[in-house]
Protein chains: 2
Amino acid sequence: MRTRSEDTRARILTASADLFARQGYHGTGLAELLDAVGLQKGGFYHHIASKEELLLEIMLDPIDRILVSSDQILATDGDATTKLRQLGTDLGNAMAADLAAWTVFLREYSVLGADGKAQILQRRQQYLDRWRQVLQEGATAGEFRPLDLAFVEGILGLFIYTFVWARASTPPEELTRSIMQVLMPGICLHPVPQPR
Amino acid sequence: MRTRSEDTRARILTASADLFARQGYHGTGLAELLDAVGLQKGGFYHHIASKEELLLEIMLDPIDRILVSSDQILATDGDATTKLRQLGTDLGNAMAADLAAWTVFLREYSVLGADGKAQILQRRQQYLDRWRQVLQEGATAGEFRPLDLAFVEGILGLFIYTFVWARASTPPEELTRSIMQVLMPGICLHPVPQPR
DNA sequence: CGACCCCTACCGACCAGTCGGTACGTTGAG
DNA sequence: CTCAACGTACCGACTGGTCGGTAGGGGTCG
């Protein structure tokens, strides 16, 4: 059963994510949030403890979701090449579905206090470790080249910049495909058949 | 001859780039800028027209520099594979030398007014067009796979995220090498010997 | 030489406006 | 009657920016 409160709260979350993505956290005043949601301050603060807590909640959502889906991928018994491709398409789908929240997640880390930073950083590391794990697995299995894994930090950047800057003109599945078209043969040792 | 004024102005520029990179434009107050530079408001505004003009100047610097160096690379008569590698190492070197300014350039676009946006966007497109040009050249010459170029927007993200998040633990040349280790075979059709 | 002057670099008080946040009143459904 | 879900009025702190003023170095005169 969906209460009215939860509904209002959800509206606040999505509207804020949208504004924060477009103008940044500090660039978005309370007033803008309020008339985007259609509330006054009193109503707003009935649902939200503080602006910064709101930010943290927005940022936790996308990373928590993808921790679940990537976990399922890792649990598969396919080879590393397959898992790698799945990790990529999964990330692309996630960003396509929640681009605003992902943008905020990847841009506003520095705004958070020590608590929020710790929570976000831990999950971020967890997620990137999934990639590192698959990369390692593929390397020892002889599927992948022996790689210096420093670039893994950049994968999130590769995706988000492609999605943010190329979105208007191109459907999301094509963006993911374009990225994976480079990433797969860049990582895999033997020629990889491109699906489709 | 280097005047005192130019020196002070330069100090303002670098200090501001540093603070903007760490805390964001809106997250950095005038007060913080002032005691980072060691000036009072009067002195500050003697050199800078406005905070936003300051931001624009910070952002124009890295892109203008790399437009020059990438132009020189394009003018070379090497093959596309060589040019591609040079574009990558050039970008890596630029970011390593000016990480703060690059961070600001890639994060604070939305803060700018219509004028600033136009100036930055034009240069950004110019630079990415260099990559597209080389990619196209290599594709028609049979050096590269036939690629969907949507991912090109993500190259900047790939680099900046790698440099920002992996910097502390790794020297910049290694970061560039790690990235190019993936990018080159991801783009080039035939196996590419890795230098060094 | 010294007296004058001007201009650059800088100071610090001040401004209107905006910030995030709170206290409390009101409304309406169960 | 109750309590959640809001609106309204207000707060102090802080925002970017302005303005009148000043210290002092360098040039130009007699």
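Here is a short chat about a predicted model.

Colleague: What is chain A built from, helices or strands?
Modeller: Chain A has 9 helices and 0 strands. Along the sequence, the pattern reads α-α-α-α-α-α-α-α-α.

Colleague: And what box do the C-alpha atoms of chain A fill?
Modeller: Roughly 60 × 35 × 35 Å, taken along the principal axes.

Colleague: How much of chain A is buried?
Modeller: Of its 196 residues, 37% are buried.

Colleague: Which residues have the most contacts inside the largest nonpolar core?
Modeller: Those are A:Phe159, A:Ile160, B:Phe159 and B:Ile160. That core has 96 residues.

Colleague: Take A:Ile160. What does it touch?
Modeller: Leaving out residues up to four places away in sequence, A:Ile160 touches A:Met95, A:Trp102, A:Thr103, A:Leu106 and B:Gly157.

Colleague: New topic. How do α5 and α7 of chain B cross?
Modeller: In chain B, α5 covers residues 80-97 and α7 covers residues 114-140. Their axes come within 9 Å and cross at roughly 155 degrees.

Colleague: So are α5(B) and α7(B) roughly parallel or roughly antiparallel?
Modeller: Roughly antiparallel, because angles over 145 degrees count that way. The crossing of α5(B) past α7(B) is left-handed.

Colleague: Which residues make that contact?
Modeller: From α5(B), they are B:Ala80, B:Thr81, B:Lys83, B:Leu84 and B:Leu87. From α7(B), they are B:Arg130, B:Trp131, B:Val134, B:Glu137 and B:Gly138.

Colleague: And how many are nonpolar, polar or charged?
Modeller: The contact of α5(B) with α7(B) has 5 nonpolar, 2 polar and 3 charged residues.

Note on methods:
Residues are numbered from 1 along each chain as its sequence is written. Chains are lettered from A and ligands numbered from 1 in the order in which they are written. This is a predicted model: local features need pLDDT of at least 70, side-chain atom pairs count only at pLDDT 80 or more; totals for chains, interfaces and linings use all residues. A nonpolar core is a set of buried Ala, Val, Leu, Ile, Met, Phe, Trp, Tyr and Cys residues joined through C-beta atoms within 7 Å. A residue is buried if 20 or more other C-beta atoms lie within 10 Å of its own, exposed if 12 or fewer, and partly exposed in between; C-beta atoms are placed from the backbone. Two residues are in contact if their C-beta atoms, placed from the backbone, lie within 7 Å. Axes are lines fitted to C-alpha atoms, for helices over the stretch in contact, and angles run from 0 to 180 degrees between N-to-C directions. Helices (H or I, at least four residues) and strands (E, at least two) are DSSP runs, numbered from the N terminus. Angles under 35 degrees count as roughly parallel, over 145 as roughly antiparallel, 65 to 115 as roughly perpendicular and the rest as oblique. A crossing is left-handed if the near helix is turned anticlockwise from the far one by less than a right angle, and right-handed if clockwise. Ala, Val, Leu, Ile, Met, Phe, Trp, Tyr, Cys and Pro count as nonpolar, Asp, Glu, Lys and Arg as charged, and the others, Gly among them, as polar.
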